[in-house]
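Here are my notes on the model you sent.

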Amino acid sequence: MKASVTEGLGQGFVVEEVDLADPVGHEVRVRVRASGLCHSDLSVATFIGGEFPVVLGHEVAGVVTETGPQVTQVKVGDHVVGSLIQYCGSCVNCLSGRTHICLRPEATLRTPDQAPRLSWNGAPVAQGMGLGGFAQEALIHENQLAVVPEGMPWAPAALIGCGVLTGAGAVLNSADVRQGDTVVVIGAGGVGMNAVSGARIAGAGTIIVADIEDAKLERAKAFGATHVVNSRSTDPVDAVRDITGHGADHVFDFVGARPVTAQGLRMLGKGGGLYLIGVGGTDAGVEVSALAVLSGSQKVQGVYMGSSNLKRDIPFYASMYLQGRMNLDDLVSREIGLADIEAGYEALKDGSTARVVITDFS
Ligand SMILES: NC(=O)c1ccc[n+]([C@@H]2O[C@H](COP(=O)([O-])OP(=O)(O)OC[C@H]3O[C@@H](n4cnc5c(N)ncnc54)[C@H](O)[C@@H]3O)[C@@H](O)[C@H]2O)c1
Ligand SMILES: [Zn+2]
Ligand SMILES: [Zn+2]
């Protein structure tokens with residue numbers, strides 16, 4: 001099958017003929033129909049590194065074509081969406097419903113004594129995040145897949161696996177936003193827009209979006225922001241205090257730069273929570289005054305993958321989309337072929353492009 005291989009740091013994405021093993025145990029063979037380009041794969045390929053050569057791609061939607069002998073949760077013909085959340089299902093965190101912080105995520109992968117899932121010219125190829133979606137086919141543990149209705153279109157389905165789980169999940173799961181609450185979303189990128197959608201689903205009364213680009217703020221209004229603030233021309237902390245009167249109940253930081261996170265903390269009202277999602281660099285973080293947060297009864301929380309339970313949440317977001325209650329169509333700015341990943345990432349540098357999705361695997 002054809003797969004886009006990254007041979008090393010800075011070596012880009014090159015389509016090669018790669019071999020996929022037959023499914024064993026809980027593995028599922030998926031014919032990939034859509035694969036989203038997320039920034040984190042580009043970061044792995046350009047500066048973070050990891051195992052090479054590798055097939056990246058972790059926003060995957062496709063059809064089940066074959067199942068391993070122990071698979072019970074999906075069947076051939078099912079339409080599925082993958083997620084990078086890997087969980088064992090039997091550790092104490094999984095058993096208490098917190099699969100996103102599973103203690104044994106490696107239980108979903110093959111062990112070193114087993115033949116690799118992917119190989120190229122007879123040598124092993126790593127599989128990004130247990131998914132490897134930049135390929136015609138993928139071999140994925142059933143715990144990393146959720147079934148969606150057949151009426152769900154492929155490109156928006158693929159986005160659910162990372163950006164939607166993260167953005168909407170931060171609001172609905174991590175912060176448990178309630179009707180009437182005031183919400184601030186800092187960073188109106190693809191993930192931030194899903195937080196806006198999540199806030200609408202939760203019934204938030206006020207949804208303020210801050211960014212430094214007017215085009216993104218215009219888009220945020222279309223997603224349901226009740227107020228927008230350009231942090232370049234207006235002090236966003238003053239703006240949030242003016243709009244809310246007493247500070248926000250929930251602030252979501254999708255940027256992750258020290259000055260921005262500090263602004264987020266200053267936006268909080270009494271009892272408010274600041275949620276850290278964006279990772280702008282290795283020095284990202286925030287100085288917290290114990291006296292200030294204890295007297296204001298505030299909290300600062302890191303959020304991994306929107307505290308999501310993928311088996312529950314992926315079908316839920318698909319259903320929200322199909323009911324017209326979650327806008328995913330406006331996140332799919334461009335559809336490309338498997339050979340065009342580098343051009344796709346280049347297009348993402350333009351602020352008007354929200355997400356690029358591979359839908360042509362020929
Ligand atoms: N925590 C997790 O589990 C998780 C999962 C997926 C993605 N992420 C992270 O979420 C973040 C958002 O992802 P994305 O795809 O939407 O990124 P993006 O680059 O599309 O969006 C970031 C936005 O922040 C805006 N911005 C930059 N500086 C700003 C400032 N000073 N004030 C206000 N806005 C500013 C940009 O204009 C842009 O619109 C990324 O850092 C990504 O790595 C985290
Ligand atoms: Zn991602
Ligand atoms: Zn577990």
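1. Start with the spacing of the zinc site. The donor residues of the zinc ion (ligand 2) follow the pattern C-x19-H-x103-C in sequence. The protein donors are Cys-38 through SG, His-58 through NE2 and Cys-162 through SG. They lie 2.0 to 2.3 Å from the zinc ion. Bear in mind that this is a predicted model.

2. Cys-38 is in the loop between strand S4 (27-36) and helix H1 (39-48), and His-58 is in the loop between strand S5 (54-55) and strand S6 (59-67), so the pair ties together parts that are 20 residues apart in sequence.

3. Are Cys-38 and His-58 buried or exposed? The cut-off for buried is under 20% relative accessible area. Cys-38 has 6% relative accessibility, so it counts as buried. His-58 has 1%, so it counts as buried too.

4. Next, the domains. The protein is divided into domain 1 (2-147 + 328-360) and domain 2 (167-304). Their centres, taken over C-alpha atoms, are 30 Å apart. At the contact between them, 10 residues of domain 1 meet 9 residues of domain 2.

5. The largest nonpolar core has 104 residues. Leu-37, Phe-134, Ile-160, Val-209 and Phe-252 touch the most other members. Helix H3 (residues 154-174) gives the largest share of this core, 13 residues. Domain 1 and domain 2 each supply at least three residues to this core. Another core, of 15 residues, lies apart from it; Ala-210, Val-240, Val-260 and Met-267 are among its members.

6. One open sheet deserves a look. Its 6 strands run in the order S14-S13-S12-S15-S16-S17, with parallel pairing. Which strands form the edges? Strand S14 (227-230) and strand S17 (299-302) do, each pairing on one side only. Neighbouring strands of this sheet are turned by 15 degrees against each other on average, direction ignored.

7. Within that sheet, check one pair in detail. Strand S15 (residues 248-253) and strand S16 (residues 268-276) run parallel and are joined by 5 bridges. Asp-253 stands opposite Leu-276 in S16.

8. Last, the helix on this sheet. Helix H6 (residues 236-244) packs on the sheet and touches strand S12 (182-186), strand S13 (206-211), S14, S15 and S16. The direction of H6 makes about 165 degrees with that of S13.

Definitions and conventions. Residues numbered from 1 in each chain as written. Chains lettered and ligands numbered in written order. Predicted model: local features only at pLDDT ≥ 70, side-chain atom pairs only at ≥ 80, totals over all residues. Heavy atoms only, no water. Core = buried A, V, L, I, M, F, W, Y, C linked by side-chain atoms within 4.5 Å. Buried < 20%, exposed > 50% of the residue type's maximum accessible area, 1.4 Å probe, protein only. Helix = DSSP H or I, 4+ residues; strand = E, 2+ residues; numbered from the N terminus. Domains from an automatic or database assignment. Pairing = 2+ DSSP bridges. Axes fitted to C-alpha atoms, helices over the stretch in contact; angles between N-to-C directions. Contact = heavy atoms within 4.5 Å. Donors = N, O, S within 2.8 Å, 3.2 Å for Na, K, Ca; no water.
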